[in-house]
Structures are given as C-alpha cells and as structure tokens.
Amino acid sequence: DQLFAILAEVGAANKPIAISESGYSADPFSISLGDEYIPFLFAGSPEKQERFLKLMFYELRKASNPVEFVVNYQVRDGDLWWQRLFSSEGDIFNQFYQYFRDIGLYAGDGSERPATVRWKNEFALPIAP
C-alpha cells in the first residue's frame, strides 16, 4: 500500500518500474503449518484473482512512475506441471507451491476467467506517455 509513497520519499517517483511474476491463486487450497496439524486455508477464487488485477492496475495508473511492463506469473494454470512434479503433498515445501498451481489467467483446461477479461481489457487501452 505504501510502495509508491516510499519511492517518492526517496526521490524515485519518476523511475521506471516493472511488475514481474505477479498473480493470485484462482482456487482455494489448504496447507498444514508446523509439526502440529494446524490447517490454513487460502480462500482463492476467480473473483478474488480478478479483483487483485483490478487493484494492481488501479494503483499503477495512479503512480507517477512510468510502468515498463507487467507480467503475470503464469498465463495458464500449471495443473499438469503440478501433477508431474509434486506428487507428495504432505511436504510443506510442496504445499507452498500450491499457490502457483492455479495462478494462471486461463484455467488449466484453457477456459477464460474473469481475470483473463480484465487483463485483455487493460492491455487494449491506448498507451499514454
């Protein structure tokens, strides 16, 4: 929330910025924390993913910094990648990677999400220097 204020404070309000590997999971998942089983639910959804993009683009439009580029972590969900690489979901390291499994703008089957539409609409806008 304070990133752009901090940049301005240190004299970097006009420095170009780039957003790389951003994203928000479109599906919920849970992990266990610690030695004792304490479930933690990350309540991701397609609507929350779209809201994340909406807020990110809103903040970027308000900033005085020129934006060089914006990259979402994945274009399409990594369901098949997940199945091949992370078969042991009990491992806390593998549980962490659940966040990235459903972070694509498109679902694993290639269907569009609300975030896909938001992304396309934002990048259809004219470039204003």
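Mentor: Start with the largest pocket, which has a volume of about 600 Å³. A pocket here is an open set of points on a 1 Å grid over the protein atoms alone, where a 1.4 Å probe fits, with protein on both sides within 12 Å along at least five of seven lines. The volume is the space filled by probe spheres set on the points, which are joined across faces, edges and corners.
Trainee: Before we go on, what kind of model is this?
Mentor: A predicted one: local features need pLDDT of at least 70, side-chain atom pairs count only at pLDDT 80 or more, and totals for chains, interfaces and linings use all residues. Residues are numbered from 1 along each chain as its sequence is written, and side-chain values use heavy atoms, with hydrogens and water left out.
Trainee: OK. How many residues line the largest pocket?
Mentor: 17 residues, counting those with an atom within 4 Å of a point. Nearest its centre lie Arg61, Val67, Pro126, Ile127 and Ala128.
Trainee: Which element gives the largest share of that lining?
Mentor: β4, with four residues. α2, β4 and α6 each supply at least two. Helices (H or I, at least four residues) and strands (E, at least two) are DSSP runs, numbered from the N terminus.
Trainee: Tell me about α2. Which of its residues are buried?
Mentor: Gln49, Glu50, Leu53, Met56, Phe57 and Leu60. Buried means under 20% relative accessible area, exposed over 50%, partly exposed in between (1.4 Å probe, protein chains only).
Trainee: Why do they sit on the same side of α2?
Mentor: Because they cover an arc of only 125° around the axis, taking directions from the helix axis to the C-beta atoms. The face turned away from that buried side carries exposed Glu47, Arg51 and Lys62.
Trainee: And what covers the buried ones?
Mentor: The cover includes α1 (3-9), β1 (17-22), β4 (67-72) and α6.
Trainee: New topic. How many aromatic pairs are there?
Mentor: 10 in the whole structure. Rings of Phe, Tyr and Trp (its six-membered ring) pair if their centres lie within 6.5 Å; planes under 30 degrees apart are stacked, over 60 edge-to-face, the rest tilted. Phe57 and Phe123 are edge-to-face, 5.8 Å centre to centre with 80° between the planes.
Trainee: What does that pair tie together?
Mentor: Phe57 is in α2 (residues 46-62) and Phe123 in α6 (residues 114-124), so parts 66 residues apart in sequence are tied together.
Trainee: Is Phe57 buried or exposed?
Mentor: Buried, at 6% relative accessible area. Phe123 is partly exposed, at 47%.

Technical notes
Contact = heavy atoms within 4.5 Å.
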